[in-house]
Amino acid sequence: MLRDITLGQYYPAESAIHRLDPRVKLFGTLIYIISLFTARGVPAFALAVLFLAAVIRISKVPFSYMVKGLKAIILIMVFAAVFNVLLTPGQELVSFWVFTITYEGVKSAVMMMLRLVFLIIGTSLMTLTTTPNQLTDGLEKSLRPLQWIRVPVHEIAMMMSIALRFIPILVEETDKIMKAQMARGANFEKGNLIQKAKNMIPLLVPLFVSAFRRANDLAMAMEARCYHGGQGRTKMKPLRYQKCDVIGYLVIALYFASMIALRILWTSVLAERLAGVLPL
């Protein structure tokens, strides 16, 4: 399962999505996340699916490679769905013991799971088609206006870039430590929940030690290269918008405008049904 984590990894390919400016991809990911949480009704979710499928197709990243990233959050999704189904009040469907399953709970659980799936795939698509250096430059450029209120934009972008770089490294390190401990007789699946938590100690301790050692080595390397923040630094490859970036912004704007129109239309239809104008 550790090797199924795709967040922070880069998939090299020759596609229009890979060639886009990182600021366009950051903006597009933000708009897509906002649209997911503001979407109402089947038409809006269908449009979100079509838009994501089209972008994945253009990116030339294998869909199976993206789906692997969902395996790491299946347990979280199941827990969240169960809580939504059992604890959401509304029209009763099934009742047993002290629990009641409602229509609103089932609907909320399905919508929540769909949003999480689209959210993970959408954000993974951004990191799979953008190198950490490009993400850092794009984030720094996008947040540059915040420098007027003394926000350390360069440092924030650098920390996020380093964190993304460390994700695949720590995943690989965890896999190695787990195999080494299992070869010494460790069993991470034995016992109840408390025992399983105790069994993770031989894994977590060396992992934290390794992570702190890598962070210390990185800090020393940056100091040795006279790194003192973003003040006065120049870019070897400065970001400049191209024609494809303008087209990307237009496509994102058209998608978001369509989502807003579908939300307004769906809200008006629901209002008419509640008012008794349309038959249920």
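The side chain of S59 comes within 2.7 Å of the backbone oxygen of I56. The model is predicted, so local features need pLDDT of at least 70, side-chain atom pairs count only at pLDDT 80 or more, and totals for chains, interfaces and linings use all residues. Residues are numbered from 1 along each chain as its sequence is written, and side-chain values use heavy atoms, with hydrogens and water left out.

**Exercise 1.** Determine where S59 sits and which residues surround S59.

*Solution.* Step 1: S59 belongs to helix α3, residues 42–59. Helices (H or I, at least four residues) and strands (E, at least two) are DSSP runs, numbered from the N terminus.

Step 1: S59 counts as buried because its relative accessibility is 0%. Buried means under 20% relative accessible area, exposed over 50%, and partly exposed in between (1.4 Å probe, protein chains only).

Step 2: Beyond its neighbours within four places in sequence, S59 is in contact (heavy atoms within 4.5 Å) with A13, S15, I17, H18, M66, L125 and T129.

Step 3: The residue that follows α3 is K60, with a positive phi near 65 degrees.

**Exercise 2.** Check the span of α3 and locate its buried face.

*Solution.* Step 1: The expected span is 1.5 Å times one less than the number of residues. For the 18 residues of α3 this gives 26 Å, which agrees with the 26 Å between its end C-alpha atoms.

Step 1: The buried residues of α3 are A44, F45, A48, F51, L52, V55, I56 and S59. They line one face of the helix, because they fall within an arc of 130 degrees seen down the axis; the arc is that of the directions from the helix axis to the C-beta atoms.

Step 2: An α-helix has 3.6 residues a turn, so residues three or four places apart point the same way.

Step 3: On the face turned away from the buried side, α3 carries the exposed residues V42, L50 and R57.

**Exercise 3.** Repeat the analysis for α5 and state what its buried residues pack against.

*Solution.* Step 1: α5 (residues 74–87) has 14 residues and reaches 20 Å from first to last C-alpha, close to the 20 Å expected.

Step 1: M77, A81 and V85 are buried in α5. Their arc around the axis is only 60 degrees, which puts them on the same side of α5.

Step 2: The face turned away from that side carries the exposed residues L75, I76, F79, F83 and L87.

Step 3: The buried residues of α5 pack against β2 (99–102) and α6 (103–128).

Key: Polar contact = N/O pair within 3.5 Å; in protein donor to acceptor, adjacent residues only side chain to side chain.
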